Amino acid sequence: MIEVLNKKMKIIGFIDKKKYLNKKEKLIGFLENNEYRDKTGYTLLILKEDGVITWNEGEQQGYLKEGKIYSFLEDEILFKFDKGKGKILDSEGNGVLILKGNLEDLKDELRGIMRRVRKIKPAEDDDFAINQM
């Protein structure tokens, strides 16, 4: 399980494979296929095959490119993941969240998501690479 800490190094939650938990380890959301859902199963965000990120109504909010999340409106980086430091950084490089634990689990999750989004069959090789910082 991966601990999620704020910039003051206080635990604010956990990531357990496809489940997102609060600091009391109660479910607050989960990943199903390419949809991020709240604990009731309501879809919050959708990652489309082309990397576009939308609300559940289809309104484009941003896009994923080269491991970074960009804003649709300003076409600027919103967040990026610095695996070496285990941090999620904002557009200015400031740590927003810190992840502690086995980050290889996150790499495996990301690989699974990318395979589903690209509709790669189990016997087929990946047609993408996951960059590491």
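How many bridges join strand β5 to strand β6, and in which direction do the two run? Before I answer, please keep in mind that this is a predicted model, in which local features need pLDDT of at least 70, side-chain atom pairs count only at pLDDT 80 or more, and totals for chains, interfaces and linings use all residues. Residues are numbered from 1 along each chain as its sequence is written, and side-chain values use heavy atoms, with hydrogens and water left out.

Now to the answer: strand β5 (residues 35-38) and strand β6 (residues 43-47) are joined by 3 bridges and run antiparallel, where strands are DSSP runs of E with at least two residues, and helices are runs of H or I with at least four, numbered from the N terminus. Two strands count as paired if DSSP finds at least two bridges between them, and R37 has T43 in β6 as its bridge partner. In general, strands of a sheet pair through backbone hydrogen bonds, either parallel or antiparallel.

Let us move on to helix α1 (residues 104-117), which contains I113. I113 is buried because its relative accessible area is 8%, buried meaning under 20%, exposed over 50%, and partly exposed in between, with a 1.4 Å probe and protein chains only. Leaving aside neighbours within four places in sequence, I113 is in contact with L31, Y36 and L47, contact meaning heavy atoms within 4.5 Å.

Finally, F79 sits in strand β10 (residues 77-82), and F79 is partly exposed because its relative accessible area is 35%.
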